[in-house]
Amino acid sequence: MGFVAIDRAMLGIPPEVIAKDNDRLMEAHLADYAALGARLARENIDIEDIVARVMALEVGLPSWGMVSGGTRFARFPLPGEPVDVYEKLEDCSVVHQLTGLTPRVSLHFPWDKTDDYVALRQFGEAHGIGFDAINSNTFQDQAGQKRSYKFGSLSHSQAQTRQQAIEHNLQCIDIGHTLGSKAITVWIGDGSNFPGQCEFTDSLERYLDSLRAVYRHLPHDWRLFIEHKMYEPAFYSTVVQDWGTSILCAQTLGDKAQCLVDLGHHAPNVNIEMIVARLAQFGKLGGFHFNDSKYGDDDLDSGSVNPFQLFLVFNELVSAEIRGKGSFRPSYMMDQSHNVTDPIESLLNSARAIAGSYAKALIVDRVALKGYQADNDVIMAHNCLRLAFETDVRAALAMARVRSGGAIDPIACYRASSYRALKAEVRHYNPNLGGGIV
Ligand code: RM4
Ligand code: MN
Ligand code: MN
């Protein structure tokens with residue numbers, strides 16, 4: 001997996017540091033791997049298949065998640081954090097080096113603006129990092145921008161503002177084309193704060209008209225991901241508020257338009273795994289933003305609060321993979337903001353949670369499950385999921401990482417490398433820089 005043109009000299013963690021840390025843990029790892037292999041073999045599962053599937057999984061990193069995030073109250077910068085898109089790519093390559101799971105980065109414009117995208121692409125290739133879906137940003141005003149997005153962008157009441165937002169999206173597609181991306185994710189902050197502020201139907205009609213112009217500009221092999229969000233920054237109504245509106249828009253636009261599910265963008269207690277199943281059933285599940293949340297937040301580390309939900313989501317994804325027979329190819333990405341941790345460590349943990357949920361979903365006995373469901377044997381049907389979820393798959397994940405050149409214990413290895421402290425010596429410290437989400 002990943003990209004082949006990796007220049008060894010460009011790697012963030014010296015391979016000998018990984019080798020040394022792996023040596024320390026190898027004996028115990030191999031014993032755990034053999035024990036898990038024996039356990040799975042009793043259930044007629046070949047651990048080698050699971051490892052191969054995990055090695056084939058790819059999850060994009062959010063460029064905006066590489067810098068310390070913040071809340072609307074404060075941001076606590078981390079010495080040694082990246083200050084531009086090149087340094088963000090360096091940090092992405094560290095996550096990929098240690099996990100083997102994250103060969104691409106999803107860029108956000110204009111946050112990641114630079115003057116030479118051919119050079120950026122080459123820099124990425126040298127670091128083993130490619131480019132995932134491009135994100136446009138029409139939820140903020142940028143310096144020098146003619147018209148404000150205070151009252152909306154693609155759905156704005158005035159045509160010139162909508163046109164400006166459309167043009168920004170077209171530029172994002174052009175940049176993405178140069179970088180080798182294959183999709184654009186459109187999330188807008190448009191909505192209203194007061195009943196009466198917006199007419200629901202007109203706003204959506206204007207949004208669709210704008211999005212048609214963006215859709216027409218897509219290269220033939222590109223997809224457009226529509227990302228819904230129930231609220232924030234608009235607190236009364238949002239133009240694309242839920243998966244229902246999202247799928248209606250995607251169906252209206254055409255085949256290249258699909259829905260993107262961000263785990264943190266739903267009403268509390270919504271059954272997200274069902275949304276995943278419905279979108280997949282109708283061929284409209286295009287992308288995923290992994291994260292976790294407890295209340296109204298949408299940026300905590302994947303699997304940190306509700307790992308069972310993450311597993312249930314993957315259970316639906318695996319089921320859709322089986323039904324789709326190769327045609328189901330959603331684009332998996334993380335969308336997190338790290339306010340109090342080193343972003344690299346949070347992403348290493350999230351990678352483990354995501355790969356672990358996938359591995360657990362792969363070991364669900366689907367034949368038995370179907371039988372129990374047909375017989376209405378509720379406890380045993382539930383246990384098919386429950387027992388898979390409770391299986392400790394860490395040794396299989398570690399083996400997938402080792403075989404990709406990564407670490408048995410990514411965080412321990414990362415700390416042993418002193419990567420961040422070394423970067424703090426050479427990177428320009430900028431306490432005013434935001435991950436975007438401040
Ligand atoms: C939004 C949404 C988008 C992300 C921005 C920064 O809540 O999740 O995907 O680009 O945040
Ligand atoms: Mn998102
Ligand atoms: Mn979000």
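**Entry 1**

I started at Phe311, which is buried, with a relative accessibility of 0%. The model I am reading is a predicted one. I then looked up Phe308, which has 27% relative accessibility and counts as partly exposed, since only values under 20% are called buried. Phe308 and Phe311 both belong to helix 9 and sit 3 residues apart, about one turn of the helix. I checked their rings: the centres are 5.9 Å apart and the planes stand at 20°, so I noted the pair as stacked.

**Entry 1: helix 9**

I next took helix 9 as a whole. The helix covers residues 307-324, 18 residues in total, and spans 25 Å from first C-alpha to last, close to the 26 Å expected at 1.5 Å a residue. I listed its buried residues, among them Leu310, Leu312, Val313, Phe314, Leu317, Val318 and Ala320. What covers these buried residues? I found that the cover includes helix 8 (272-281), strand 11 (285-290), strand 12, helix 10, helix 11 (366-374) and helix 12 (378-390). After helix 9 comes Lys325, and I noted that its phi is positive, near 40°.

**Entry 2: other aromatic residues**

I searched the whole structure for aromatic pairs and got 16. One of them is Phe109 with Tyr117: the ring centres lie 5.8 Å apart and the planes are at 80°, so I recorded this pair as edge-to-face. Phe109 and Tyr117 are both buried. I also noted an aromatic cluster made of Phe288, Phe290, Phe314, Tyr332 and Tyr358. Phe314 is one of the buried residues of helix 9.

**Entry 3: manganese ion (ligand 2)**

Which residues coordinate the manganese ion (ligand 2)? I read off Glu227 (OE), Asp262 (OD), His289 (ND1) and Asp335 (OD), at 2.1 to 2.2 Å. The ion has 6 donor atoms with angles of 71 to 167° among them, and the site is octahedral. For comparison I kept in mind that the ideal angles for six octahedral donors are 90 or 180 degrees. Along the sequence, the donor residues of this ion follow the spacing E-x34-D-x26-H-x45-D. Glu227 is in strand 8 (residues 223-227) and Asp335 is in the loop between strand 12 (331-334) and helix 10 (343-362); the pair links parts of the chain 108 residues apart. I checked the burial of Glu227 and Asp335, and both are buried.

**Entry 4: manganese ion (ligand 3)**

I moved on to the manganese ion (ligand 3), which lies 3.8 Å from the manganese ion (ligand 2). His265 (NE2) and Asp298 (OD) coordinate ligand 3 at 2.1 to 2.2 Å. I placed His265 in the loop between strand 10 (257-262) and helix 8, and Asp298 in the loop between strand 11 and helix 9, so the pair ties together parts 33 residues apart in sequence. Are these two buried or exposed? His265 is buried at 4% relative accessible area, and Asp298, at 10% relative accessibility, counts as buried too.

Last, I looked at an open sheet of 3 strands, ordered 1-2-4, with parallel pairing. Strand 1 (61-62) and strand 4 (130-131) are at the edges with a single partner strand each, so one side of each has no neighbour in the sheet. I traced the pairing of strand 1 with strand 2 (residues 104-106): the sense is parallel and there are 2 bridges. Pro62 has Ser106 of strand 2 as its bridge partner.

Note on methods
Residues are numbered from 1 along each chain as its sequence is written. Chains are lettered from A and ligands numbered from 1 in the order in which they are written. This is a predicted model: local features need pLDDT of at least 70, side-chain atom pairs count only at pLDDT 80 or more; totals for chains, interfaces and linings use all residues. Side-chain values use heavy atoms; hydrogens and water are left out. Two strands pair if DSSP finds at least two bridges between them. Helices (H or I, at least four residues) and strands (E, at least two) are DSSP runs, numbered from the N terminus. Donors are N, O and S atoms within 2.8 Å of the metal (3.2 Å for Na, K and Ca); water is not among the atoms, so sites may look incomplete. Four donors count as tetrahedral if all angles lie between 85 and 135 degrees; four count as square planar and six as octahedral if opposite donors are over 155 degrees apart and all others between 65 and 115; anything else is irregular. Buried means under 20% relative accessible area, exposed over 50%, partly exposed in between (1.4 Å probe, protein chains only). The expected span of a helix is 1.5 Å times one less than its number of residues. Contact means heavy atoms within 4.5 Å. Rings of Phe, Tyr and Trp (its six-membered ring) pair if their centres lie within 6.5 Å; planes under 30 degrees apart count as stacked, over 60 as edge-to-face and the rest as tilted.
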